[in-house]
Amino acid sequence: MAPHDGKSVMEEFMASETEKRPISTIVIIIAMQTEALPLVNKFQLSEDPNPTFPKGVPWVRYHGIYKDLNINIIWLGNDSVFGVNSVGTVSASLVTYASIQVLKPDLIINAGTAGGFKAKGACIGDVFLASDIAFHDRRIPIPVFDLYGVGLQQAFSTPNLLKELSLKVGKLSTGDSLDMSPEDEASIIANDATIKDMEGAAIAYVVDLLEVPAIFIKAVTDIVDGDKPTVVEFRQNLAAVTAELDQAVTQVVDFINGKSLSEL
Ligand SMILES: *[C@@H]1O[C@H](CO)[C@@H](O)[C@H](O)[C@H]1NC(C)=O
């Protein structure tokens, strides 16, 4: 057999073996502390006082064994200057890179809240599994650079998980702003997105580079194309929707337990 995709026959073989053995290590990347802590309690994880991350980064690792899984929740942490959660694509991509280097996960789960579009069927409290992920605020109107800017990626395919759990499926669009400019709106429509977040596409870029399967679980805190201001609605619904998110993540983790990647 000739090598293809730049991979040797042995590498292909090893990859298919990985797909067949039970998943053992998962990394759950979460932007906000409010979203992370209920899951830390649920899985009875403890904070790693000495995570093998570079000195000075605010990222927090919670870890433990839950059923047959070695679970790591990585919270992006509080910004060292402003004290607020380090949301957004820059810190999400760094954390994803470092977590893969240090923890070598079999699977990454990005869990968080998102805005939803009612025109595409999203309601407050809905939990989505993203099928596709792209950026909406990297506009480079030069041929091919335009596509690079959009950076479309697909999530790892999990047909059995979808059959088993009652999650909605939709496309996710990512940008570094909580609000939505008319330019962003046009890109989000072009991305055919049902949900909008601030980290997903950055994580998708890194897992594609490093060839780690990833899924994206997003719960809707606010309706972007509704009549309430995003910030008000987000604040109002954060606690209740976080409970929905945590329940869905727990169901997904319970489903993953004991299964291989090819069984998801
Ligand atoms: C992060 O910031 C919040 C809000 O200021 C604070 O309540 C929390 O204790 C901080 N967490 C850590 C781990 O520093």
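Biologist: Is T221 buried or exposed?
Modeller: This is a predicted model in which local features need pLDDT of at least 70 and side-chain atom pairs count only at pLDDT 80 or more, while totals for chains, interfaces and linings use all residues. Residues are numbered from 1 along each chain as its sequence is written, and side-chain values use heavy atoms, with hydrogens and water left out. Relative accessible area decides the class: under 20% is buried, over 50% exposed and in between partly exposed (1.4 Å probe, protein chains only). The relative accessible area of T221 is 0%, so T221 is buried.

Biologist: In which strand is the place of T221?
Modeller: Strands are DSSP runs of E with at least two residues, and helices are runs of H or I with at least four, both numbered from the N terminus. The run of residues 214–223 holds T221, and this is strand β10.

Biologist: With which side chain does the side chain of T221 make a polar contact?
Modeller: A polar contact is a pair of N or O atoms within 3.5 Å; within protein, one must be able to donate a hydrogen and the other to accept it, and residues adjacent in sequence count only if both atoms are side-chain atoms. At 2.9 Å, the partner of the T221 side chain is that of D222.

Biologist: Which residues of α8 does I217 touch, among its contacts L245, A248, V249 and V252, and which residues of α8 meet α2?
Modeller: Contact means heavy atoms within 4.5 Å. From α2, the residues T34, E35, P38, L39 and K42 meet the α8 residues L238, T242, L245, D246, V249 and T250.

Biologist: What is the relative accessible area of S131?
Modeller: S131 is found in strand β6 (residues 127–135), and its side chain is joined to that of D132 by a polar contact of 2.8 Å. S131 is partly exposed, with a relative accessible area of 26%.
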